[in-house]
Every structure is written in structure tokens, then in C-alpha cells.
Amino acid sequence: MELLQYGFMLRAVGAGLLLALTAPAVGVFVVLRRMSPMADTLAHVALAGVGAAVLLGVSPALGALVLALIGALGVERLRASGQLFGEAALALFLSGGLAVALVLLSLARGVNAGLLGYLFGAVTAVGPQDLVWMAVLAVVVGSSLAIFYKDLFALTFDEEAARVQGVPVEALNVLLTVLVAVTVVVGMRVVGVLLTSALLVIPALTAMRLARSFRATLGLAVAFAAAAVLSGLVASFYLDVAPSGAVVLVSILLFAGASWVAGRH
């Protein structure tokens, strides 16, 4: 309990749990729809937003959110219009986002310690204002999933059948892509834009190894993500290692353990 005596660790735990509640819930839909590369793509676009914000002297979180949302809408528009296949649209935005980020960061006179926090996470540097931002975005993500749960469920398992049933498929595709973008920004301060996709995907994959229903998959994914975040933060505090790396490594160990258990049954 020693680590809970420090305010910065309490904020870190709060930020980590907010991410653990949102990322895997979105991630289950993303993985089942084979959209896992979307998280990496929007992370690179968000990084361009960080570079633009630094150059303009505004909040990096705000810049990341704006650019991630623009990227999400752009990817979905190209994919839905048929101008590019889904993978091609993702590759275009991923490469473009990274290129723009590098140019903007070079114009902003390089990568300093603060920017490295957005790249690889700086959960122990989360301030009260960051926590409020993350809580608001997490509520938006959670509320959206709760309101559109049935339609997203139908869309995930049979898009054509959902369309016949009158489900607004195009609008829901946009919504899911936007939720991925928002989740990337929520995770930016915890594990960094370059590792957020890990908490979107790995807990979902871990839950799928054990769960026998969709609801159970969602519940287990959140539980595994929370366990990874808490264990990773404890390990980083006592072993003096990077929190983001510790969280992701614990997630991988949990996946390995779940795979072993599933293989025994």
C-alpha cells in the first residue's frame, strides 16, 4: 500500500483504470471486426496532432484528439466510398500521420522529455486536469457503447444481416472508428500513443481465449486490462521501470496464461 501514499500514484491508478474500462470494451468490437490495425493508424495520426499542438502552443491532448477524429472520419470515408480497400486506407493514414508528426516535431525543435511522455506514456506525470480530460472522454466512450450496444453487436457479427434489419451500418462504422480515436487519446498519457493499441487488442484477445459468450468476453477483457494496469504500475513503482512497458508486458503474460489454460481444456 506504500505507493497509494503518493498523490501522483493515486492519479496514475485512476488514469490507468479509466483506460482499462474503455480500451478493452472498444477493443472487443475492433478485434472481432478485424480492425485491429485501426488503433495503430489513429495513434500515428494522434501523434501528428501532438506535433501540431506543440508547434501552435496549445494543449497536446487537444491536438491529438482533433487530429485523431479527423483521421478516423477520413479513414472511414475512404473505406466506405470504395476508393481504397480498408487496409490501404489504414496504411495511407498511418504513413501520412507518422510523416506529418516527424515534420511538425522537427519544426517544433525536436522531441523533448514532455513529448516522449506522449509517445511512450507518462502515467506518473498525470495531473488533475489530465485526469478530468480522461474521465470525460471515458464517459463518452462508455455511454456510446451502452447506448448502441445491440446495434454494434449486430454489426459485429453480420453486417449484411444488420443492414437488412435496418441497423444504420454506415453511421455505426463511423461511430466505432471515432471511439477508437477517442480511446487512443485516453490512453495517450498512460501507455503512450505508440502502445495504446496493445490495451485495445491484447485484453480482448485474452478474454476470447476463455469466455463462452460475448458479454463474458467484454467483462473478462476489462478485468484483464485492469489487472494488467494495476500490476504494471506496482511493478514500475518497486522495480523502477517504465510503467507503460510494464503494463503491456503484464498484458502479454496474461494472454500467455489464458492461452495455456485454454489449451488444457
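**Note on an all-helix predicted model**

E160, R163 and E170 are linked in a network of salt bridges (a salt bridge being a side-chain nitrogen of Lys or Arg within 4 Å of a carboxyl oxygen of Asp or Glu). Here are some points to go with that.

1. **Ground rules.** This is a predicted model, where local features need pLDDT of at least 70, side-chain atom pairs count only at pLDDT 80 or more, and totals for chains, interfaces and linings use all residues. Residues are numbered from 1 along each chain as its sequence is written, and side-chain values use heavy atoms, with hydrogens and water left out.

2. A search of the whole structure turns up two salt bridges. In one, E160 pairs with R163, and the closest N and O atoms are 3.9 Å apart. These two residues are about one helical turn from each other because they sit three residues apart in helix α8 (residues 159–164). In the other, the side chains of R163 and E170 meet at 2.5 Å, N to O.

3. E160 counts as exposed, at 51% relative accessibility (exposed means over 50% relative accessible area, buried under 20%, and partly exposed in between, with a 1.4 Å probe and protein chains only). R163 is partly exposed at 33%, and E170 is partly exposed at 45%.

4. **Overall make-up.** The protein has twelve helices and zero strands (DSSP runs numbered from the N terminus: helices are H or I with at least four residues, strands E with at least two). Of its 265 residues, 49% count as buried. Among contacts between residues at least 6 apart in sequence, 76% join residues at least 24 apart (contact means heavy atoms within 4.5 Å). The accessible surface comes to about 12300 Å², and carbon and sulfur atoms hold 68% of that (Shrake-Rupley method with a 1.4 Å probe; for residues, only the protein chains shown count as cover).

5. **The core.** The largest nonpolar core contains 72 residues, and V26, F29, L145 and V180 have the most contacts inside it (such a core is a set of buried Ala, Val, Leu, Ile, Met, Phe, Trp, Tyr and Cys residues joined through side-chain atoms within 4.5 Å). Helix α1 (residues 7–32) supplies the largest share of this core, 14 residues.

6. **Helix α2.** Helix α2 (residues 37–56) has 20 residues and spans 29 Å from first C-alpha to last, close to the 28 Å expected at 1.5 Å a residue (the expected span is 1.5 Å times one less than the number of residues). This helix is mostly covered, with 14 of its 20 residues buried. G57 follows α2 and has a positive phi, near 75°.

7. **A nonpolar patch.** On the surface, L55, L56, V58, V103 and L107 form a nonpolar patch with about 480 Å² of accessible area together (patch residues have over 30% relative accessible area and no salt bridge; like charges are joined within 9 Å, nonpolar side chains of Val, Leu, Ile, Met, Phe, Trp and Tyr within 5 Å). The elements giving two or more residues to this patch are α2 and α4 (86–107). V103, in helix α4, is partly exposed at 47% relative accessibility.

8. **A backbone detail.** D240 is not a glycine, yet has a positive phi of about 60°. This residue lies in the loop between α11 (214–239) and α12 (243–263), and D240 counts as exposed at 69% relative accessibility.
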